[in-house]
Amino acid sequence: MLTLSYLRQYKSEVIERLKIKHFSQLDLIDKVLELDEKRRQIQKQSDDIKAQQNQISKQIGQLFAQGKKQEAEQKKAESASLKNQIEDLIKTLDSIEQAIQDILVLIPNTPHSSVPQGKTAENNIIIKEGGKKPILFPNPLPHWELAKKLDIIDFELGAKVAGAGFPVYKGKGAKLERSLINFFLDKATAAGYQEVIPPIVVNKESGFGTGQLPDKDGQMYYIPLDELYLIPTAEVPITNLYRDTIIEERDLPIKNCGYTPCFRREAGSYGAHVRGLNRLHQFDKIEIVQITKPEDSYSALQEMCDYVESLLIALELPYRIVLLCGGDMSFASAKTYDFEVYSAAQDKWLEVSSVSNFETFQSNRLKLRYRSADKKNELAHTLNGSALGMARVVAALIENNQTEDAHIQIPACLQPYTGFEII
RNA sequence: GGAAAGAUGACCGAGUGGUUUAAGGUGCACGCCUGGAGAGCGUGUGUACGCCAAAAGCGUACCGCGGGUUCGAAUCCCGCUCUUUCCGCCA
């Protein structure tokens, strides 16, 4: 969330930027600033009275030490009356602070000045296309048909065990999945990201820290008995590793990567566009996360995009890079690039990565700061990206690399991992 | 799941109701000393919010978290969380 001091200082600029995000409740800004004004006024009052009370208590202690009981009793009465005033003020203060918090969590991040205008995905800007679309024979099979024919992914079996959207990978399909995980992790490690294996459930503090809570709790699986959420992305546990910490400037940037399964309820989505691996309740993903100084975060964003692009090139997949417009960006992001691969049999672009700079939006919630060279504590910037989301990569590999006799050619970079060249 | 012990600053560690304004030590920073280093000596050394044009300064809160008792709580009471050890169970 945005900080109050930032809102106070850059109010009109924030409002202009939020218009690019098509945020409709701009009146919340004035409301929260009014509450802030009131809060400061009441805090001053209550701090002053507390100071008086502390003085009196100290005097009482001294009076008792000197054996002046009578005077001490008098002071006690004086202090008691102050106590009532303080209680009232604190009650008001608490409710105002709560009201401020309730509003702040509703205000989305402001988009970076380079984010294009626009309301929906149609206004996104394709900034680059790369790779070559494959030239396939007539009537190529969509991945779910070819996968079934080769018996490498079983959707019905997964449906029996868990439900729709929980596929079972079998044989060479499972090996392909595992090979991709290892390939991506090795690449990320070579690019300077330290590997972590985080928990795949998180508590609500973590969900709040990265911005999934309170607004998107319906999209996460929840375990009520233990009050835990299944992670929708490794971004949540990995970024939260640094919640409530102050990092020395010399230790930045911090670069982490991690593989986890990801769980998404995705309520309300159905139909042809979610067939097969296109949209799942459980899928594997490698995530990259960076924590940087504010002045470095946009070069880090570029570096992460270049890295993700290098993976797509290595996999020889046709891809395009999309700069999201204001209206299509997520609540917490200041700037986001999506990476899509072309899946030939479906004739569809599938999103396989989303790389975002959150600036201080997450770090403010996380209380994630760094100590600058001149000993000041400032909010760090957080970024993350998929590198990559597995299922759709598998879908595209299956469809694009299929042969006329219904086999799948494994790209050269994966063969050392799979140990086979064809499925 | 059962039992016991514990949680204090960057770290170690003292502190069972009132000069605690959290002792002492370590570390760190700066200064003195030195040809240089070390030792020694001195000074400083958390976070958040607020007051102030700003700096300096001052105020408030914070000793795991949340309540309570009291004029006053690190200290007393209640609840919770986590850690360690032992027992049980177990991949």
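Visitor: How many residues of domain 2 are in contact with domain 1?
Guide: This is a predicted model, in which local features need pLDDT of at least 70, side-chain atom pairs count only at pLDDT 80 or more, and totals for chains, interfaces and linings use all residues. Residues are numbered from 1 along each chain as its sequence is written, chains are lettered from A and ligands numbered from 1 in the order in which they are written, and side-chain values use heavy atoms, with hydrogens and water left out. Contact means heavy atoms within 4.5 Å. On the domain 1 side there are four residues, and on the domain 2 side there are eight.

Visitor: On to the RNA. Which part of RNA strand B makes up 74% of its atoms within 4 Å of the protein?
Guide: Bases account for the rest of those atoms. The 74% share belongs to sugar or phosphate.

Visitor: What is the distance from the side chain of Asn-377 to a phosphate oxygen of RNA strand B?
Guide: Polar contacts here are pairs of N or O atoms within 3.5 Å (within protein, one must be able to donate a hydrogen and the other to accept it, and residues adjacent in sequence count only if both atoms are side-chain atoms). For Asn-377, the distance from a side-chain N or O atom to a phosphate oxygen is 2.7 Å.

Visitor: Which element gives the most residues to the surface near RNA strand B?
Guide: "Near" means a heavy atom within 4 Å, and elements are DSSP runs numbered from the N terminus (helices H or I, at least four residues; strands E, at least two). Those giving two or more residues are helix 3 (27-65), helix 4 (69-104) and strand 14 (368-371). With 12 residues, the top contributor is helix 3.

Visitor: How many charged residues does that surface have?
Guide: Asp, Glu, Lys and Arg count as charged; Ala, Val, Leu, Ile, Met, Phe, Trp, Tyr, Cys and Pro as nonpolar; the others, Gly among them, as polar. The surface has three nonpolar residues and six polar ones, and its charged residues number 10.

Visitor: Where is His-22?
Guide: Its phi is near 60°, a positive value in a residue other than glycine. His-22 sits in the loop between helix 2 (11-20) and helix 3.
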